[in-house]
2 protein chains.
Amino acid sequence: MQYPEPIAKLIDSYMKLPGIGEKSATRLAFFTIDMEEEDVKNFSQSLLAAKRDLRYCSVCGNITENDPCIICADKGRDQSKIIVVEQPKDVMSLERMREYHGLYHVLHGVLSPMEGKGPEDINIASLLRRLQHNSAVSEVIIATNATPEGEATAMYISRLIRPADIKVTRLAHGLAVGSDIEYADEMTLFKAIEGRQEI
Amino acid sequence: MQYPEPIAKLIDSYMKLPGIGEKSATRLAFFTIDMEEEDVKNFSQSLLAAKRDLRYCSVCGNITENDPCIICADKGRDQSKIIVVEQPKDVMSLERMREYHGLYHVLHGVLSPMEGKGPEDINIASLLRRLQHNSAVSEVIIATNATPEGEATAMYISRLIRPADIKVTRLAHGLAVGSDIEYADEMTLFKAIEGRQEI
């Protein structure tokens with residue numbers, strides 16, 4: 001005996017999500033049946049709306065409803081700086097800081113020979129085009145993650161951009177604010193000492 | 001800065017699912033945007049269909065498209081036995097065995113004073129009504145889980161049914177087939193010795 005078709009299909013759909021196996025999908029499907037009808041309708045509609053109404057900004061690659069996105073369209077922002085990040089989520093994190101008023105560029109990934117991801121698989125070409133057509137940019141701040149792939153991607157991009165006489169910087173690595181030296185790993189401590197500053 | 005509305009709404013929807021916090025919901029939402037349009041449409045429709053087309057069988061409480069469900073409607077099944085389970089999932093597990101051809105009754109929970117769940121909160125009344133109106137039933141097999149709540153529920157139901165001169169049994173507890181005695185917990189070993197059978 002199989003599950004009735006509507007629930008079997010829903011289980012299949014949940015299983016397409018990352019990190020959700022058959023057991024979790026079954027649990028979520030049964031949970032869905034017991035949810036308020038209103039909530040299920042909203043869920044169903046928000047899935048379609050997210051897929052239908054969201055696109056990637058043709059300038060910076062960030063996720064947006066309108067193209068170009070509100071950051072690229074905002075002429076009040078500092079047009080001389082571009083922060084390069086891996087994912088749209090990173091833009092949100094940096095914006096939450098409320099201290100940076102320049103532009104962004106979203107790579108949608110990092111160089112990863114292990115996963116067969118080369119320069120043409122991430123948004124590097126569009127960054128170079130952007131720099132060629134916009135002489136206002138004086139600094140590119142590379143904010144890829146502090147992973148081996150993130151570091152390699154940062155080095156690769158900086159080598160491409162530097163000849164264009166644009167300053168290329170990288171976010172500082174060191175101790176997180178509020179963290180204990182006791183619990184910091186060796187690499188972080190090394191970076192913190194290497195990047196020490198006079199006070 | 002906030003996420004664009006379509007993705008913020010989708011994150012909210014994912015967060016309504018059990019065990020999914022803001023970080024996971026954000027991850028799932030971004031994953032959804034990169035999914036095939038076809039898959040997202042199917043997901044959206046299967047949510048609505050599961051909520052719209054599934055109901056609980058008015059006889060046994062199992063999940064079904066048609067009322068009564070195909071098990072209750074199948075007169076070829078052994079009408080003299082009813083297995084009482086906690087959840088619809090348990091019916092599927094027992095059916096997969098292909099050895100039982102009787103009927104089922106789904107409680108949709110167990111008695112749990114800690115969670116404020118009393119006899120009126122689970123499908124016990126409908127089981128008693130079923131037994132009163134169906135003299136063909138000669139045995140009720142209680143297959144609630146081997147948890148304290150499952151045991152208490154089994155005892156409660158057996159006490160209600162026994163006066164009606166219907167045999168009440170409980171699934172055997174003991175060592176799982178293929179398991180090692182070395183790794184069995186004390187309660188399981190105790191139950192295995194208690195329920196030992198002549199060979």
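Which residues does Glu86(B) touch, not counting residues up to four places away in sequence?

A: This is a predicted model, where local features need pLDDT of at least 70, side-chain atom pairs count only at pLDDT 80 or more, and totals for chains, interfaces and linings use all residues. Residues are numbered from 1 along each chain as its sequence is written, chains are lettered from A and ligands numbered from 1 in the order in which they are written, and side-chain values use heavy atoms, with hydrogens and water left out.

Glu86(B) touches Val106(B), Leu107(B), His108(B), Gly109(B), Val110(B), Thr144(B), Asn145(B) and Gly150(B). Contact means heavy atoms within 4.5 Å. Glu86(B) sits in the loop between strand S3 (81-85) and helix H5 (88-96) of chain B. Helices (H or I, at least four residues) and strands (E, at least two) are DSSP runs, numbered from the N terminus.

Glu86(B) is buried, meaning under 20% relative accessible area with a 1.4 Å probe, protein chains only. Yet Glu86(B) has no salt bridge. A salt bridge needs a side-chain nitrogen of Lys or Arg within 4 Å of a carboxyl oxygen of Asp or Glu. The nearest side chain of opposite charge is Arg170(B), 6.7 Å away. Lys and Arg count as positive, Asp and Glu as negative; His and the chain ends are not counted.

Now the interface. Across the interface of chain B and chain A, the rule finds two salt bridges. Asp39(B) and Lys16(A) meet in a salt bridge through their side chains (3.8 Å, N to O). H3(B) gives the most to the side of chain B that touches chain A, with 14 residues. In total, 50 residues of chain B are in contact with 50 residues of chain A.

Notes. Buried < 20%, exposed > 50% of the residue type's maximum accessible area, 1.4 Å probe, protein only.
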